[in-house]
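Welcome, and take a moment to look over the sequence and the model below.

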Amino acid sequence: MANDAELKKIEQENQRLAQLCSMKSEMVSLNAHQIKTSLSAQKWIIKMFLDGDLGALTPEQENLMQKAYESNDRAIELVSDMLADNKKEELAEKKFEFSPVDLSELIDSVKFDFSGEAYSHGVEMIFLHPEEDIPPVDADKEKMRMVLQNLLDNAIKYSGNHGKVFITLSKKDDQVQVSVKDTGVGISPEGQKHIFEKFYRDPEAEKKEITGSGIGLFTAKNVVERHGGKIWFESRPEAGTTFFFTIPIRQKGGVA
């Protein structure tokens, strides 16, 4: 067994590593924000050329500027993903604060937040509200919001134009179950073995959406399991994917 000196040394090393992780996270956020600011300034200048504010362009010049604009836009999205994923990692590592949460209200809220993105992708979101009253769950509301955001974001991205995303909520014994179904590309057989691994991206998904870091589902799984629930999926290539997760129903007399 380790003596007191060894335990103290281990504790000090753990504290040092925690400080380094925090510094790393702050540095990533700072640099990403600075890069995004520069990219946004460039985007504004390119847009002025495309709009003719700085004089007429030849067809060839306009074509090149349009390609530059689109490339810049993809770079901004990638940096935005970096910022969001950095925030997700921080969120997953922070202490969970449990309280009664109405998942039906939370789903409506997150669905509204994604209405603009769904419209831009030509995707219809449908929340099939349960016929029965669904009891509240013991949950950290903001972390559950992040899980729903990730599942809806993926479903919209991979559904394609004129696709549909169906959300359901139901009671299963002492659990509440949520499902998010898309009509997209599906997950490849190989990808299904690794989809919850950190940084993994399915090749079929990469064909549809270039940007992405592969940390969202890893984080979602971490959050759901910390709530005492489980997360899984059903998928067939070119036939869409449905993600499910369960959360225990709140027990009378207190929270987790």
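**Starting from Thr241**

Leaving aside residues up to four places away in sequence, Thr241 touches Val180, Lys181, Asp182, Gly186, Ile187, Phe233, Glu234 and Ser235, where contact means heavy atoms within 4.5 Å. This is a predicted model, in which local features need pLDDT of at least 70 and side-chain atom pairs count only at pLDDT 80 or more, while totals for chains, interfaces and linings use all residues. Residues are numbered from 1 along each chain as its sequence is written, and side-chain values use heavy atoms, with hydrogens and water left out.

Thr241 lies in strand β7; strands (E, at least two residues) and helices (H or I, at least four) are DSSP runs, numbered from the N terminus. With a relative accessibility of 4%, Thr241 counts as buried. Here buried means under 20% relative accessible area, exposed over 50%, and partly exposed in between, using a 1.4 Å probe and protein chains only. The side chains of Thr241 and Ser235 are joined by a polar contact of 2.7 Å. Such a contact is a pair of N or O atoms within 3.5 Å; within protein, one must be able to donate a hydrogen and the other to accept it, and residues adjacent in sequence count only if both atoms are side-chain atoms.

Now widen the view to the strand itself. Seven of the eight residues of β7 are buried, so this strand is largely enclosed by the rest of the structure. Strand β5 (residues 175-182) runs antiparallel to β7, and seven bridges join them; two strands pair if DSSP finds at least two bridges between them. Lys181 has Thr242 as its bridge partner in β7. β6 and β7 also pair in the antiparallel sense, over six bridges, and Glu234 stands opposite Thr242. The hairpin of β6 and β7 has five residues between the strands, and there Glu238 takes a positive phi near 65°.

Next, look for the rings. The structure holds five aromatic pairs. The ring centres of Trp232 and Phe244 are 5.3 Å apart and the planes meet at 10°, so this pair is stacked. Rings of Phe, Tyr and Trp (its six-membered ring) pair if their centres lie within 6.5 Å; planes under 30 degrees apart count as stacked, over 60 as edge-to-face and the rest as tilted. Trp232 sits in strand β6 (residues 230-235) and Phe244 in strand β7 (residues 241-248), 12 residues apart. Trp232 is partly exposed at 26%, whereas Phe244 is buried at 13%. Phe233 and Phe243 make a tilted pair, 5.6 Å centre to centre with 45° between the planes. Phe233 belongs to β6 and Phe243 to β7, so this pair ties together parts that are 10 residues apart in sequence. Phe196, Phe233 and Phe243 form one aromatic cluster.

Finally, turn to a helix. In α5 (residues 141-159), 16 of the 19 residues are buried, so the helix is largely enclosed by the rest of the structure. Gly160, which follows α5, has a positive phi near 80°.
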